[in-house]
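Please look over the sequence and the model shown here. The notes after it are grouped by topic.

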Amino acid sequence: MDIKSYQDHAESFVTHYLLADPFLPYTSVLAGIFLCKMAYDLTELFSSIHIKSYSALTNMKRIEWNNRGISTVHAIIISFMAIYFVFFSDLFSDQRGLQGLMVFRSSPISNFGLGVSVGYFLADLGMIIWFYPSLGGSEYIFHHCLSGVGVAYSLFSGEAQLYTYMVLISEVTTPEINLRWYLDIAGLKRSKAYLINGVAIVLAWLIARILLFIYMFYHVYIHYDQVVLMHTFGYLLVFAVPIALSVMNLMWFGKIVKGLKRILEKGQ
């Protein structure tokens with residue numbers, strides 16, 4: 001009886017406080033930070049037991065190894081959510097009968113996903129700054145600040161969540177980028193897996209970080225009558241964040257293609 005009573009109180013607390021609309025943005029951010037901590041610890045535990053080369057790494061390399069575990073877990077979760085909301089959910093559909101303009105629509109689940117992502121950007125940015133420049137240089141700090149501000153604004157204002165999730169689909173490239181680093185550290189840079197992963201990076205990057213961004217700009221164009229009704233700061237973010245990220249994506253894509261060319265030339 002006591003257990004049942006405790007369970008009822010716990011469910012009531014979660015439903016009426018943690019997942020209630022006024023608290024959801026904050027609890028989801030905390031959930032994202034907690035997820036990062038859990039992913040870091042589980043990566044460290046699993047690697048120390050099952051990856052032989054892990055123990056031979058320097059302390060800083062082990063920290064980076066675990067940190068990439070965080071970004072991989074976040075990328076998998078947020079990519080699935082983003083693909084669902086952009087391509088399968090009716091939340092941001094143009095179908096008649098849906099209440100409100102597309103740019104002002106949100107739901108508890110869409111808010112929770114964005115909150116988790118904000119928690120990730122805060123946690124990862126904190127690690128990048130704390131261990132600077134070992135986990136990334138100034139471009140990573142700029143990327144995380146820009147992305148974090150954009151996602152946080154969309155979370156707390158409820159504006160342009162469709163476009164935010166379109167941008168977050170680009171996280172689908174993160175697991176491949178991390179796998180490339182893991183293979184390199186493990187001494188498998190000349191392996192077939194490294195080559196296949198390199199091709200996967202190029203294709204995923206082209207689709208998620210270049211072509212999808214072009215589609216997003218087109219979507220903004222045909223829905224400009226709604227976008228212009230947003231608050232000024234949100235309106236500016238809809239253009240500034242994707243444009244800045246697009247420039248960075250094109251620069252990085254050039255480096256990725258050059259790297260793949262070198263690998264293919266060595267294999268001949």
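Helix H5 covers residues 138-157, which is 20 residues. From its first C-alpha to its last, H5 reaches 28 Å, close to the 28 Å expected at 1.5 Å a residue; the expected span is 1.5 Å times one less than the number of residues. Helices here are DSSP runs (H or I, at least four residues), numbered from the N terminus. This is a predicted model, in which local features need pLDDT of at least 70, side-chain atom pairs count only at pLDDT 80 or more, and totals for chains, interfaces and linings use all residues. Residues are numbered from 1 along each chain as its sequence is written, and side-chain values use heavy atoms, with hydrogens and water left out.

**Helix H5**
- Buried residues of H5 include His143, Leu146, Gly150 and Tyr153, where buried means under 20% relative accessible area (1.4 Å probe, protein chains only).
- Gly158 follows H5 and has a positive phi, near 80 degrees.

**Helices H3 and H7**
- The axes of H3 (residues 59-88) and H7 (residues 174-185) come within 9 Å and cross at roughly 155 degrees; axes are lines fitted to C-alpha atoms over the stretch in contact, and angles run from 0 to 180 degrees between N-to-C directions.
- H3 and H7 are therefore roughly antiparallel, a label for angles over 145 degrees.
- Residues making the contact (heavy atoms within 4.5 Å) include Trp65 and Gly69 of H3 and Trp181 of H7.

**Thr43**
- Thr43 lies in helix H2 (residues 24-50) and is buried, with a relative accessible area of 14%.
- Leaving aside residues up to four places away in sequence, Thr43 touches Trp65, Asn66 and Gly69.

Key:
Helix = DSSP H or I, 4+ residues; strand = E, 2+ residues; numbered from the N terminus. Buried < 20%, exposed > 50% of the residue type's maximum accessible area, 1.4 Å probe, protein only. Parallel < 35°, antiparallel > 145°, perpendicular 65-115°, else oblique.
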